[in-house]
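Here is my note on the model you sent. Please read the points with the structure open.

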Amino acid sequence: MKNTFQISILDWHTFLLGLSKNNSVYVPVKTYDTIDYKLFTEDGLNIIYNVAKPVTPLKAFFLPPKENVVIEKKAYNKNIIIGIPACDLKALEILDEIYLDETWLDLRYKENRERAVLIGTDCFETAENCHCTSYGIEPYPVNHADASSNLHFAEEKRKQVKKELVEKNRLLPDYAKTGSLIKNSGEDLWEKHSRTCVSCGACAVACPTCTCFLLIERPDFEKIRQVDACQYPGFERIAAGEDPLRRKYIRFRNRYLCKYVWKPEDFKSVACTGCGRCIDSCIGKISKNEIFIEMAESS
């Protein structure tokens, strides 16, 4: 049986302040129109709860954009991350499958995971491109985090938000159907939709499940793991200059083949959790949801 506790906002901030003396406490903060994780400060201002999602995906705490993976880390204190949406918590499943596999255990990822305390949050609102329910994910924490609501008002809000998401994305095919559509799609569709793509890689960087990286060697046995993206020109360039992904529309399609066709062949977990960050961050204003709906309607 779950216990429910209520606390005033002032006492809650006092509690967080105490935690922050010996730990790094990250909270979702709204600055102008942007919500992102920031270290908790004494004033506790601008913290926002029950939002759809921060800009930064949770994976950044475990797989930083750039990290020296061979240098010995000191004994760090805990990272206490508050206000994590369900789409990011769900993304941990495929990250853990990849990086905690005993055959190819990634020790740095394991260390980062073990020193993190994850506190989830319900989404009491939906952002424009949220579509977690299309892939069987609830808009509230189910696994992988502490803190879960069982108050009556929260249950009613959950039903309301889920209904809104289902209705808004009623034309979007589910995860398995999307994979089938992509697998059987023609080149013309990808050429058309990739025209405004600038190969910036923002979609992969913002994605909570994309984890491609470069391993850069430097003097003194430094090995730097740095984020990479299949949308970058030269991502698959090999000896003699051969590049299977040389053409932009092929790179563009490759990302969705990876998420909806190839990943399901190798992993149990979904490789897209419907957060919509790839759509939010796209400079070319490309919506994968619009592409998938178009494919579904023409199939």
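1. The largest cavity is lined by twelve nonpolar, six polar and two charged residues. The classes are: nonpolar for Ala, Val, Leu, Ile, Met, Phe, Trp, Tyr, Cys and Pro, charged for Asp, Glu, Lys and Arg, and polar for the others, Gly among them. The volume of the largest cavity is about 200 Å³. Of its 20 lining residues, C197, C203, F252, C282 and I286 are the closest to the centre.

2. A word on the basis. This is a predicted model, where local features need pLDDT of at least 70 and side-chain atom pairs count only at pLDDT 80 or more, while totals for chains, interfaces and linings use all residues. Residues are numbered from 1 along each chain as its sequence is written, and side-chain values use heavy atoms, with hydrogens and water left out.

3. Cavities and pockets come from a 1 Å grid over the protein atoms alone. A cavity is a set of points where a 1.4 Å probe fits but cannot get out; a pocket is an open set with protein on both sides within 12 Å along at least five of seven lines. Lining residues have an atom within 4 Å of a point. Points are joined across faces, edges and corners, and a volume is the space filled by probe spheres set on them. The count is three cavities of 30 Å³ or more.

4. Which elements line the largest cavity? α7, α8 (248-266) and α9 each supply at least two residues. The largest share, three residues, comes from α8. Helices (H or I, at least four residues) and strands (E, at least two) are DSSP runs, numbered from the N terminus.

5. The second largest pocket holds about 550 Å³ of space. Its lining has 33 residues, with P54, V55, T56, P57 and R277 nearest the centre.

6. F252, Y256 and Y260 in α8 meet K288, I291 and F292 in α10 (contact: heavy atoms within 4.5 Å). These residues divide into five nonpolar, no polar and one charged.

7. The structure has 17 salt bridges (a side-chain nitrogen of Lys or Arg within 4 Å of a carboxyl oxygen of Asp or Glu). One of them joins E114 to K110, with the closest N and O atoms 2.7 Å apart. Both lie in helix α3 (residues 107-114), four residues apart, about one turn of the helix.
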